[in-house]
Amino acid sequence: KPTGPLSGRRAIVTSGPTHEPIDPVRYIANRSSGRQGHAIAAALSRLGAEVTLVSGPVTLADPKGVTVVRVQTAVEMRDAVLAALPADIAVMVAAVADWRVADVSGAKIKKAPGEGPPPLQLTENPDILKTVGHHAQRPRLVVGFAAETDDTVDNGRLKLARKGADFIVANDVSAGSGVEGGVMGGTRNRVTVIGRDSEESWPELDKDMVAEKLAGLIASRLD
Ligand code: C5P
């Protein structure tokens, strides 16, 4: 049994991208590696929390001591997160696809000569963070991420209110962010942690360090 400031606490973390099928062989995805989410799951576990990590498709190893639920789509991720409630802490790090294909084709879509490309009708995916932030079994501490390319803090603050989160960790994913290797898919991150009445900018750090600092902040908030 792990001991630490979070022992006896349950945490749910989402990580990675989602894959939204178009047909049996094609999907819509994004550049998320899952590094930041997996690092947070590991850091919470090291502080003693009982962690369920709901992960989209990633190539990372499962963090030690963490229960990993693997999913492909946003809808599956939402269902897995809700199934893991109740919890004390939710950290939604996954880069969930905003849209999925409305009518997934059961057969591979064929390239028919002379017919041109098929139209893809999209439909909105559930917002998992917002669902958890407004849930009857809302965890005491709900943390979201905000990958922005501009107006990082302003957008983060709006997101905090809209999603019912206690903290939004805003990161600048633009090519001009100056973070070595780029944030999405890279190993470094520079974030601003936005709370209801607080705002802390951290220097550029390894994603593991961001995770450790965030887990520490969470532990101090739950005290
Ligand atoms: O609205 P936006 O996608 O920028 O919000 C990002 C935050 O919301 C992240 O914490 C992400 O994990 C979460 N999110 C979610 N479900 C979605 C979209 C975003 O949980 N469908």
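Leaving aside neighbours within four places in sequence, Val51 is in contact (heavy atoms within 4.5 Å) with Ala11, Val13, Ala41, Leu44, Ser45, Val66 and Thr67. Val51 belongs to strand E4, residues 50-55, where helices (H or I, at least four residues) and strands (E, at least two) are DSSP runs numbered from the N terminus. Its relative accessible area of 2% makes Val51 buried, a term that stands for under 20% relative accessible area, with exposed for over 50% and partly exposed for what lies in between (1.4 Å probe, protein chains only). The C-alpha atom of Val51 is separated by 15 Å from that of Ala94, which is 43 residues away along the chain.

Thr52 also has its place in strand E4 and, at 12% relative accessibility, counts as buried. With neighbours within four places in sequence again left out, the contacts of Thr52 are Ala11, Ile12, Val13, Thr67, Val69 and Ala84.

## Basis of the model

This is a predicted model, in which local features need pLDDT of at least 70 and side-chain atom pairs count only at pLDDT 80 or more, while totals for chains, interfaces and linings use all residues. Residues are numbered from 1 along each chain as its sequence is written, and side-chain values use heavy atoms, with hydrogens and water left out.

Ser33 is found in the loop between strand E3 (26-28) and helix H1 (35-46), and is buried at a relative accessible area of 17%. A polar atom of the Ser33 side chain lies 3.1 Å from the backbone nitrogen of Arg35.

The end C-alpha atoms of H1 are 16 Å apart, in agreement with the 16 Å that its 12 residues should span at 1.5 Å a residue, the expected span being 1.5 Å times one less than the number of residues. H1 is mostly covered, since 10 of its 12 residues are buried, among them Ala41, Leu44 and Ser45. The cover over these buried residues includes strand E1 (10-15), E4, strand E6 (89-92), E9, strand E11 (188-189) and helix H5 (207-222). Gly48, which follows H1, has a positive phi near 105°.

## Helix H4

Helix H4 (residues 152-163) has 12 residues and reaches 16 Å from its first C-alpha to its last, close to the 16 Å expected. Its buried residues are Thr152, Gly156, Lys159, Leu160 and Lys163; they lie on the same side of H4 because they cover an arc of only 105° around the axis, taken from the directions from the helix axis to the C-beta atoms. On the other side of H4, Asp154, Leu158 and Ala161 are exposed.

Helix H3 (128-133) and strands E9 (141-148), E10 (167-172) and E12 (191-195) are included in what covers the buried residues of H4. The helix is followed by Gly164, with a positive phi near 70°.

## Surroundings of the ligand

An oxygen atom of the ligand is 2.7 Å from a polar backbone atom of Ala94, and a backbone N or O atom of Leu129 lies 2.8 Å from an oxygen atom of the ligand. The side chain of Lys159 places an N or O atom 2.5 Å from a ligand oxygen. Taken alone the ligand exposes 440 Å², of which the protein buries 86%, with areas from the Shrake-Rupley method and a 1.4 Å probe.

Key
Polar contact = N/O pair within 3.5 Å; in protein donor to acceptor, adjacent residues only side chain to side chain.
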